[in-house]
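Student: I would like to go through the terms used for this structure. Please set each value against its cut-off.

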Amino acid sequence: MSMSATIDNGVPILDLRRAFKDIRGEVHTAVERIFDTQAFILGREVRTFEEHVEAYLDLPGSGAAIGCASGSDALLLALMALDVKPGDEVITTPYTFFATASAVTRLGAVPVFADIDPVTYNVSLADVERKITPKTKVFLPVHLFGQMVPLEEIAPLLKERGIKIVEDAAQAFGSWRRIGKEIVRAGTLGDVGCTSFFPTKKVGGCGDGGMMVTSDPELAARLKKLRVHGEGSTYFHEEVGLNSRLDALQAAILDVKLPHLEAWNEERRSLAAYYRLCFESRGLTGPRSGVPAEEGRITLPAELEGNYHIYHQYVVRTPKRDELMAWLEERGISTRVYYPLPLHLQPCFAFLGGRPGDCPEAERLSREALALPIFPGLRAEEQERLVDAVAEYVRTRF
Ligand SMILES: *Cc1c(COP(=O)(O)O)cnc(C)c1O
């Protein structure tokens with residue numbers, strides 16, 4: 001059988017060049033504009049992009065989007081603005097990118113890990129509730145792989161206890177959830193929402209970048225101050241902040257990309273639907289979505305009722321994950337593991353006393369999760385090639 005040259009070269013886990021070719025001209029124009037002005041830090045370009053994000057997220061009039069240097073800094077700044085201090089507890093998930101928890105420990109506060117829900121891979125709200133103590137200051141949910149945590153289920157309880165919410169929406173920019181009659185975008189439900197413009201995120205810059213959003217004008221003012229060394233007026237420092245600004249160059253490029261976000265997210269959803277069709281029609285799926293799979297079966301990601309999942313990653317689970325991954329790699333198909341070691345078991349957090357068995361669902365998922373290629377420009381024949389290879393694996397092995 002003959003296939004196209006690209007196919008013979010393998011299926012990449014991610015190829016950003018495919019979406020870039022459509023916007024190349026616009027990006028170059030934007031970059032030239034910045035070089036002509038020679039104004040590189042914050043300024044009009046950054047403010048314009050912030051305004052466009054405010055409109056996109058439909059923030060209330062009191063709301064603000066505040067650019068900063070990275071998603072990691074956005075989390076750190078948000079916790080600083082909420083006065084998280086040494087000894088305070090921040091409840092979060094162990095199944096996330098490292099930065100979620102390092103923002104907490106940098107402030108001397110204590111990340112308290114609640115286990116995950118095995119169906120959505122997001123933090124289990126029931127376990128979050130169990131982990132609340134008088135020291136809990138913030139709940140830091142992560143909208144993992146592009147799907148929102150149903151925050152409305154726990155927000156009233158947290159409010160009652162005076163616990164703030166900082167959303168880590170680094171993987172979920174543009175994702176939303178229907179709550180009653182309302183569409184609520186990831187990052188807009190908590191006290192502060194944080195996102196990342198790392199090149200592989202849903203609106204990706206040509207380097208690092210991040211953003212915080214809030215509907216609280218006082219918090220917004222504090223965040224703006226904290227990103228410029230806590231400066232009130234020039235060279236007068238009211239508190240010690242960070243040097244964490246969004247570059248004008250990044251802002252200009254991100255502003256070119258933002259109008260494409262909806263179409264890119266729609267495309268990711270179509271790709272996800274096509275994976276489902278292919279896996280199901282070949283009889284490869286387990287009995288239902290989300291639950292741990294049986295041997296020789298693939299569990300597909302589940303979309304929680306009311307959620308608009310944007311599939312930042314398309315993560316399936318299968319018990320002999322490493323074996324399947326190697327099988328695909330031998331056939332030129334790249335996959336990735338997000339995340340091989342939950343945060344409560346990371347060496348740098350050993351001082352927190354986490355042990356195997358503390359978060360059994362997260363630990364199990366870390367052995368079973370496999371992320372498949374999903375990105376704008378991924379071709380149907382590439383998806384089919386992957387699913388065919390999985391089918392061959394199952395036929396041969398089981
Ligand atoms: C990417 C990411 C971050 C950090 O963003 P950076 O811009 O890379 O610093 C934080 N949390 C999650 C869940 C992420 O995926």
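Tutor: Start with valine 142, which touches Thr92, Thr93, Thr96, Thr100, Asn122, Val149 and Asp168, leaving aside residues up to four places away in sequence. The model is a predicted one, in which local features need pLDDT of at least 70 and side-chain atom pairs count only at pLDDT 80 or more, while totals for chains, interfaces and linings use all residues. Residues are numbered from 1 along each chain as its sequence is written, and side-chain values use heavy atoms, with hydrogens and water left out.

Student: What makes these residues count as touching valine 142?

Tutor: Contact means heavy atoms within 4.5 Å. The residues listed, including Asn122 and Asp168, are in contact with valine 142 in that sense. A C-alpha distance is another value: valine 142 and phenylalanine 97 lie 9.2 Å apart from C-alpha to C-alpha and 45 residues apart in sequence.

Student: Is valine 142 buried or exposed, and why?

Tutor: Buried means under 20% relative accessible area, exposed over 50%, and partly exposed in between (1.4 Å probe, protein chains only). Valine 142 has 3% relative accessibility, so valine 142 counts as buried. Valine 142 is placed in the loop between strand S4 (136-140) and helix H8 (155-160). Helices (H or I, at least four residues) and strands (E, at least two) are DSSP runs numbered from the N terminus.

Student: Which accessibility class does tyrosine 235 belong to, and why?

Tutor: Tyrosine 235 has a relative accessible area of 68%, so tyrosine 235 is exposed. The place of tyrosine 235 is in the loop between strand S10 (231-233) and strand S11 (236-237).

Student: Why is H5 called oblique to H6?

Tutor: H5 and helix H6 (residues 99-106) pack at an angle of about 40°, with their axes 9 Å apart. That angle makes H5 oblique to H6. Angles under 35 degrees count as roughly parallel, over 145 as roughly antiparallel, 65 to 115 as roughly perpendicular, and the rest as oblique. Axes are lines fitted to C-alpha atoms, for helices over the stretch in contact, and angles run from 0 to 180 degrees between N-to-C directions.

Student: Which residues meet where H5 packs on H6?

Tutor: Ser72, Leu75, Leu76 and Leu79 in H5 meet Ala99, Thr100, Ala103, Val104 and Arg106 in H6.

Student: How do you know that S4 and S5 pair?

Tutor: Two strands pair if DSSP finds at least two bridges between them. S4 and strand S5 (residues 164-168) have two bridges, in the parallel sense. Phenylalanine 139 has isoleucine 165 in S5 as its bridge partner.

Student: What is the strand order of the sheet?

Tutor: Seven strands form an open sheet in the order S1-S9-S8-S5-S4-S2-S3, with mixed pairing. Strand S1 (64-68) and strand S3 (110-113) are the edge strands, because each pairs on one side only.
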